Amino acid sequence: LLAIEELNTIEVLFQARDMEHDKVQSNYHSDSLARAIAAKPDHHLDQITVWWSGDCWVVIDGHHRLSAYKAYWNSRSKNKGGYKHMSKQPKSFKNQEVPVRVFEGSVIEATMHSTQSNSQDKLPMSKQSKMTRAWHLVTLEHKGLTLKSIAATCSIGQRSVSNMRECWKKLKGTCS
């Protein structure tokens, strides 16, 4: 774990995505990750990959996760439900730590690792898909599928799963 204020970014080297072109998608992804943090009891996403530049720790993979942590902690400190993009938020995440993985290698190797980590073709689940999957799991009524496990698996809030269960119980009652 490293304190969030110890993490620096050098986007020109280590942000392989075209952030101007993908700005809407990027903000949506950061917001989705912030909601995923809120939905998990331990509030941790995958580790952020960092590289020691000789002067400081630099994020080489995990810019959106870093943004999500900042947005999450800012929303908690403001006691609001929204997860606005971190650039519009004051810095209220001091002394918070994030899980990191240290990459050892040269600046060129770190740049290559950053690009390779971000060039995988993978479509993330939308919020609607996560909610739909949670409904499917709720209707299975398997004892091993607890409220917590469904919420964590689908990266949604436990309250949403609780509401689904309550609605499912009512629906079953009307069909009997």
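**Tour of the model**

Select W52: this residue is partly exposed, with a relative accessible area of 42%. Here buried means under 20% relative accessible area, exposed means over 50%, and partly exposed lies in between (1.4 Å probe, protein chains only). Before moving on, note that this is a predicted model, in which local features need pLDDT of at least 70, side-chain atom pairs count only at pLDDT 80 or more, and totals for chains, interfaces and linings use all residues. Residues are numbered from 1 along each chain as its sequence is written, and side-chain values use heavy atoms, with hydrogens and water left out.

W57 counts as buried, at 19% relative accessibility. Its ring and that of W52 have centres 5.1 Å apart and planes at 65°, so the pair is edge-to-face. The rule: rings of Phe, Tyr and Trp (its six-membered ring) pair if their centres lie within 6.5 Å; planes under 30 degrees apart count as stacked, over 60 as edge-to-face and the rest as tilted.

How many aromatic pairs does this rule give? The count comes to three. For another of them, select F14 and W51: this pair is tilted, at 5.8 Å centre to centre and 55° between the planes. F14 sits in helix α1 and W51 in strand β3 (residues 48-52), 37 residues apart, so the pair links distant parts of the chain. Are these two buried or exposed? F14 is buried at 0% relative accessibility, and W51 is buried at 9%.

Select I10, V12, L13, V107, I108 and M112: together they make a nonpolar patch of about 580 Å². Two elements give two or more residues to this patch, α1 (11-14) and α4 (107-118). Helix α4 gives the most, with three residues. Patch residues have over 30% relative accessible area and no salt bridge; like charges are joined within 9 Å, nonpolar side chains (Val, Leu, Ile, Met, Phe, Trp, Tyr) within 5 Å. A salt bridge is a side-chain nitrogen of Lys or Arg within 4 Å of a carboxyl oxygen of Asp or Glu. Stop at I108, in helix α4. I108 counts as exposed, at 58% relative accessibility.

Finally, zoom out and colour by secondary structure. The protein chain has seven helices and six strands. Helices (H or I, at least four residues) and strands (E, at least two) are DSSP runs, numbered from the N terminus. Of the 176 residues, 34% count as buried.

Methods
Areas by Shrake-Rupley, 256 points an atom, 1.4 Å probe, with all protein chains shown as cover.
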